[in-house]
Amino acid sequence: MMRPIRSLAWRELVRFFRQPHRVVGSLAQPLLLWLFLGSGFSASFRPPGLAGVSYLEYFFPGILLMLVLFAGIFSTITLIEDRNQGLLQGVLVAPVPRMAIVLGKVGGAMAVALTQVLLLLVAIPFLGLSLGWAEGILLLLGLLTAALGFTALGFLIAWHMESTAGFHAIMSVFLMPLWLLSGALFPMEQTPGWLQWLMQINPVTHALRLLRLPFYQEASALLGQPEYRLALLVAISWAVGCLGVALWQVNRLERGAPLP
Amino acid sequence: MSIQKKRQPAQTMIDIQQLTHLYPRRHQPPYRALADCTLAIAANTLFTLTGPNGSGKSTLFRILCGLARPSAGTVTLSGVDCLRNPTAARRLLGVVFQHPALDKQLSILENLRIHAALHGIDAATFRQRLAADLAWAGLEMRLHERVATLSGGLARRVELVKALLHRPPIVLMDEPTNGLDPGGRRDFFDALLRLRREQSLTILMTSHLFDEAEQADQVGILHQGRLLTTGTPAALRSQLGRDMVVIQTRQTTEASALRAILSARPGIRMVQREQELRITGIDPDTLQQLLFQHREQFESLVIHHPTLEDVFIHHTSPSQAIEVLS
């Protein structure tokens with residue numbers, strides 16, 4: 001099962017890097033957003049309890065998450081192209097477990113997203129942030145779990161879509177708010193009650209915690225902290241759930257109606 | 001007797017029994033795409049399924065590939081129940097779809113390598129088969145070119161190489177020559193017929209081109225979800241007798257009038273399609289009478305040996321248009 005997954009995932013990566021406009025578009029948007037918003041808000045950003053944290057720094061984990069989310073999910077959009085071009089049919093008639101088809105696509109999209117995230121991690125020392133080995137591993141774990149969960153979400157949304165335009169529409173009314181309400185742009189503590197409640201049930205909020213907390217606490221302390229543990233649990237359950245639904249969808253065949 | 005019974009299934013590579021497929025529709029009774037189709041295709045046969053658009057060809061194809069489950073019936077491929085054991089059935093199949101199943105961004109080699117990975121072909125076997133297959137396909141020099149840069153004919157050849165790379169005993173092809181020019185079609189068929197000999201393939205293909213069907217060992221005509229007739233091209237043609245007479249008139253009423261006159265003659269079968277009258281089983285006397293006494297009533301009269309197209313029209317015309325008189 002590993003070889004088909006590897007082969008299908010490799011295809012996604014090659015395709016991504018052979019389309020330079022995709023590389024540029026996917027990386028430039030979050031980067032510009034981060035630089036402009038981060039620099040612009042830095043002067044007025046003075047939330048209580050976050051003294052000494054510039055907005056550029058506060059926003060950094062949010063931008064990492066944005067890359068994971070958007071690059072991952074938008075890579076699964078290629079599923080719609082694959083189906084329309086007939087390529088998907090060719091994969092579906094191959095004697096491979098259906099899970100390999102899901103993981104091939106999801107794995108490839110994850111690789112695309114994480115490659116870009118790694119490029120952005122270069123900024124860490126310039127922000128005055130530091131990361132020990134153990135914390136680095138926790139950050140990587142967070143990135144992987146978040147990427148897996150949200151790429152699988154992209155897969156299961158794209159599976160039934162007939163056009164990429166429809167996918168974009170769903171994503172902008174669904175994905176963008178999820179990201180906005182994750183605490184990526186502003187801290188949750190000072191928001192109105194209803195908003196806090198929305199942010200608390202948002203799975204992306206938990207994914208963000210996995211990416212932010214390793215910068216500020218030691219690994220041993222994190223693993224004992226209920227907030228971090230909950231975030232990890234939510235992110236892993238989210239990933240398993242989305243993969244499960246995606247697999248169920250791929251397994252479901254078009255069926256003839258029963259005879260009258 | 002019992003020995004014969006046991007040998008029968010081993011020789012049948014594709015066995016379709018009473019296949020029915022209904023498409024569910026909202027607020028309407030389901031649409032019947034296939035109705036009680038039964039078909040057995042023997043090993044090493046090139047079987048061509050013809051039929052107009054919407055006849056059920058594509059539905060049958062999707063079921064055979066394991067992409068759809070029928071409402072009723074069974075499909076057995078080389079003894080493997082396709083519906084119960086889809087993964088085992090997939091191993092037996094090489095499939096060429098109507099729409100290209102190649103990644104245009106990747107090179108020929110990269111596409112084939114992915115196919116090898118999906119079918120568990122190891123590196124040494126892959127190299128060996130690639131060398132052999134590229135020789136007949138004439139693709140050696142272009143292995144590293146992206147599929148997007150290939151001509152339609154060449155891309156189809158890559159599809160064929162890909163479909164046969166895992167050496168399947170059964171090949172399914174849905175309108176494989178779609179979009180090819182006549183030269184490309186001829187090349188494709190030459191390659192296909194040679195490969196069938198060399199690899200003893202059982203091939204089921206769909207086509208709406210009768211000159212293609214003419215090259216098949218067996219032809220089946222599918223119409224409105226029903227398999228109307230199957231047989232060798234020669235046997236199907238001989239159903240219509242030795243000569244086929246096609247008369248064109250200026251007006252439908254003239255054709256109807258001629259039909260009324262001819263219907264008094266014994267052994268004549270006629271299909272009227274507006275101003276056209278298609279006649280089989282005509283005797284020389286009647287033909288002479290038609291030419292000398294009724295010349296004013298028609299514009300042209302053509303006599304030819306029946307073709308598969310004639311067979312197709314004969315079987316798919318509405319039954320009220322066919323008159324059989326003994």
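## A parallel pair in chain B

In this predicted model, strand β3 (residues 46-50) of chain B pairs with strand β9 (residues 202-207) of chain B. The two run in the parallel sense, and 5 bridges link them. One facing pair is F47(B) and L204(B), the latter in β9(B).

Strands of a sheet pair through backbone hydrogen bonds, and the pairing is either parallel or antiparallel.

## The six-stranded sheet

β3(B) and β9(B) belong to an open sheet of 6 strands. The order is β7-β8-β9-β3-β10-β11 (chain B), and the pairing is mixed. Which strands stand at the edges? They are β7 (93-96) and β11 (226-231) of chain B. Each of these pairs on one side only. From one strand to the next, the twist averages 15 degrees.

Helices cover parts of this sheet. Helix α2 (residues 57-64) of chain B lies across β3, β8 (170-174), β9 and β10 (218-223) of chain B. Its direction is at about 145 degrees to β8(B). Helix α6 (residues 152-164) of chain B also packs on the sheet, where it touches β7 and β8 of chain B. The direction of α6(B) makes about 165 degrees with that of β7(B).

## The four-stranded sheet

Chain B has another open sheet, with 4 strands in the order β2-β1-β5-β6. Here the pairing is antiparallel. β2 (28-42) and β6 (80-81) of chain B are the edge strands. Each has a single partner strand, so one side of each is left without a neighbour in the sheet.

Look at strand β1 (residues 12-25) of chain B next. It pairs with β2(B) in the antiparallel sense over 9 bridges. Where does R25(B) find its bridge partner? The partner is Q28(B), in β2(B).

## Chain A: helices and one strand

Now turn to chain A. Its secondary structure comes to 12 helices and 1 strand.

What is the extent of chain A? Its C-alpha atoms fill a box of roughly 70 × 40 × 35 Å along the principal axes. A compact globule of 260 residues would have a radius of gyration near 18 Å; chain A has 19 Å, which agrees.

## Two packed helices in chain A

Two packed helices are described by the angle between their axes and the distance between the axes. Take helix α3 (residues 55-75) and helix α8 (residues 164-180) of chain A. Their axes come within 11 Å and cross at roughly 160 degrees. α3(A) and α8(A) are therefore roughly antiparallel to each other. Their crossing is right-handed.

Which residues meet? α3(A) brings L65(A), M66(A), L69(A) and I73(A), while α8(A) brings M171(A), L175(A) and W179(A). The residues of this contact divide into 7 nonpolar, no polar and no charged.

## Where the chains meet

At the interface, 25 residues of chain A are in contact with 30 residues of chain B. On the side of chain A, α1 (2-18), α5 (87-92) and β1 (254-255) each give two or more residues. α1(A) gives the most, with 7 residues. The residues on this side divide into 13 nonpolar, 6 polar and 6 charged.

β1(A) pairs with strand β4 (residues 68-69) of chain B in the parallel sense, over 2 bridges. There R255(A) stands opposite R69(B) in β4(B).

Technical notes:
Residues numbered from 1 in each chain as written. Chains lettered and ligands numbered in written order. Predicted model: local features only at pLDDT ≥ 70, side-chain atom pairs only at ≥ 80, totals over all residues. Contact = placed C-beta atoms within 7 Å. Nonpolar A, V, L, I, M, F, W, Y, C, P; charged D, E, K, R; others polar. Pairing = 2+ DSSP bridges. Axes fitted to C-alpha atoms, helices over the stretch in contact; angles between N-to-C directions. Parallel < 35°, antiparallel > 145°, perpendicular 65-115°, else oblique. Left-handed = near helix turned anticlockwise from the far one by under 90°. Rg over C-alpha atoms; globule rule 2.2 N^0.38 Å.
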